Amino acid sequence: MGPAGRLSVAAALLSCLCLHGLLGNSGQAFGQGPPVLHRIDHAEEDDDSGGLMPELSPTGSPQPFVPFLAPAPLAPFYNNSTPKLSGKCSLNFTAINGLMTTTAVDCFASFAPFLANVICCPQLQATLTILIGQSSKQTGSLALDPTLANYCLSDVQQLLMSQGASDDLHSICSVHLSNATEGSCPVSTVDAFESVVDSSKLLEACRKVDPVNECCSQTCQSAISDAARKISSKDAALTSDTASPKVDSCRNVVLRWLSSRLEPSSATKMLRQISNCNVNGVCPLSFPDTSKVAKECGGTVKNITVCCKAMDSYVSHLQKQSFITNLQALNCASVLGAKLQEMKVSTNVYSSCQVTLKDFSLQVGSQESGCLLPSMPSDASFDPSSGISFTCDLNDNIAAPWSPSLQASASTCNKSAAPGPTIPERPAATSAQNGVNHNRLELSLAVCFGALVATILLQV
């Protein structure tokens, strides 16, 4: 993107001297020095819908953060409080302590709305699935009744909040009762499930999910879909409709059964890998009206500077929404390109205005430092001395593809397709970046989001 309206790196670094912390949207306090954001460089409610997709996408964007001074350095990093549990949930939370901690970090209060689509909500979904699956080894049930489910969902929220997670996860991730109950699935017990499904075949297909090829081969996903169709038709004719509400509910039951037969860590990898295929297959951003860009860039462009200014302003609205993966950015570039071409924008404004894939994700530090998350499942991490960290692909100065027909799924799965632009798992540096993309960059969270706020204020 052009330099207009962008903060300099020097200005961003200078803000580090003034800002020492950030107060999250749920009031958790930061301490132990400023938390650090590590950017690691790499060469309508429907109980059968499953839920756990971030509410911010694609209906809106979160409000920008406002930095505050942190409390005393010796204060805890977050308010590790005692959770207020119902005492009526039978799920064994102790058995997955490590998983609960991972989920709390992935859904940390300050980051949850911005990491919802890629990290927080998929991890929360996996946690709920594994909780019920592991408990089924004692109860024999792969679902909770609605009353018990309400108590358990509340307890999960309380336990995660006590470790620093957002207090609004049910809204951010659209958690429904169907995430814990049988929904409309006619099978909800282990015995009934194993009497219908070839469980050994299902387990073999999903025991080890290929992290590179699963989204294309769909080995595990196909086995899950087959099992879901079988149990959804236990008392009726077999249906080929894999998208029906009943099959969706039964898919949750299948995932819980698989989670009961795997160790929590293995189950987490399996669940995150298969959900990741859906995550990367769509663009999660909400696109504002493109008429202003079409006005300045449509037909024969008379003034490319004015056109690019309009384009820069438009893209700045996309940069306030969420962190996305490099494959999601590819999809988003395709969606926007198609919208503009439908409005008679024939000039490749991505090339003319230097729009790259990183420009579709939330920006950190300065607008020169876009953060694309890896297309493979990843987690945030917490260190008492440095704070919350997550990985960004900084080798992302790849020009956004102008062709609206280019989709991530086609470029990564259709091996027989004609040669064309593709995006690797981790985008390689362009020739202009050679020699640059080998550093581990560590920026204060206050710097990153302080600069983000300043950028937003400058562009509004």
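Helices (H or I, at least four residues) and strands (E, at least two) are DSSP runs, numbered from the N terminus. In this predicted model, Leu 85 is found in the loop between α2 (56-59) and α3. Leu 85 counts as partly exposed, because its relative accessibility is 42%. Leaving aside residues up to four places away in sequence, Leu 85 touches Asp 155, Gln 158 and Leu 159. Leu 85 and Ser 154 are 69 residues apart in sequence. In space, their C-alpha atoms are 7.8 Å apart.

Ser 162 was examined next. This serine lies in the loop between α5 (146-161) and α6. Is Ser 162 buried or exposed? Ser 162 counts as buried, because its relative accessibility is 5% and the cut-off for buried is under 20%. A polar atom of the Ser 162 side chain lies 2.6 Å from the backbone oxygen of Leu 159. Leu 159 is also one of the residues that Leu 85 touches. Pro 83 is 79 residues away along the chain, yet the two C-alpha atoms are 5.6 Å apart.

Asn 179 lies in a loop too, between α6 (169-172) and α7 (190-196). With a relative accessibility of 7%, Asn 179 counts as buried. The side chain of Asn 179 reaches the backbone nitrogen of His 176. That distance is 2.7 Å.

Helix α3 spans residues 97-106. Its buried residues are Leu 99, Met 100, Thr 103, Ala 104, Val 105 and Asp 106. What covers them? The cover includes the helices α4, α5 and α12 (264-280). The strands β4 (381-383) and β5 (387-389) also take part in the cover.

The nonpolar cores come next. In soluble globular proteins, nonpolar side chains tend to be buried together. The largest nonpolar core in the model holds 62 residues. Which of its members touch the most other members? They are Phe 193, Leu 202, Ile 224, Ile 231, Val 254, Leu 258 and Met 270. Helix α4 (residues 112-139) gives the most to this core, with 10 residues. Another core, of 29 residues, lies apart from the largest one. Its members include Phe 287, Cys 307, Ala 329 and Trp 402.

Residues up to four places away in sequence are not counted. Ile 231 then touches Cys 185, Pro 186, Val 187, Phe 193, Val 196 and Val 197, among others. Its contacts also include Cys 250, Val 253 and Val 254.

The pairing of α10 with α11 was then described. Two packed helices are described by the angle between their axes and the distance between the axes. Helix α10 covers residues 219-232, and helix α11 covers residues 245-261. Their axes come within 8 Å and cross at roughly 115 degrees. The crossing is right-handed. From α10, the contact is made by Ile 224, Ala 227, Ala 228, Arg 229, Ile 231 and Ser 232. From α11, Lys 246, Val 247, Cys 250, Arg 251, Val 253, Val 254, Leu 255 and Leu 258 take part. By class, this contact has 10 nonpolar, one polar and three charged residues. Ile 224, Ile 231, Val 254 and Leu 258 belong to the contact, and these four are also among the core residues that touch the most other members.

Gln 218 is not a glycine, although its phi is positive, at about 55 degrees. Gln 218 has its place in the loop between α9 (214-217) and α10. Gln 218 counts as partly exposed, at 37% relative accessibility. Gln 354 also has a positive phi, near 55 degrees. Gln 354 lies in the loop between α16 (349-352) and β3 (372-373). Gln 354 is exposed, because its relative accessible area is 54% and the cut-off for exposed is over 50%.

Cys 353 lies in the loop between α16 and β3 as well. Cys 353 is buried, with a relative accessible area of 4%. Cys 353 and Ala 310 are 43 residues apart along the chain, and their C-alpha atoms are separated by 9.9 Å. Ser 351 has its place in helix α16. Ser 351 is exposed, with a relative accessible area of 52%. Ala 399 is 48 residues from Ser 351 along the chain, with 6.9 Å between the C-alpha atoms.

Notes
Residues numbered from 1 in each chain as written. Predicted model: local features only at pLDDT ≥ 70, side-chain atom pairs only at ≥ 80, totals over all residues. Heavy atoms only, no water. Axes fitted to C-alpha atoms, helices over the stretch in contact; angles between N-to-C directions. Left-handed = near helix turned anticlockwise from the far one by under 90°. Contact = heavy atoms within 4.5 Å. Nonpolar A, V, L, I, M, F, W, Y, C, P; charged D, E, K, R; others polar. Buried < 20%, exposed > 50% of the residue type's maximum accessible area, 1.4 Å probe, protein only. Polar contact = N/O pair within 3.5 Å; in protein donor to acceptor, adjacent residues only side chain to side chain. Core = buried A, V, L, I, M, F, W, Y, C linked by side-chain atoms within 4.5 Å.
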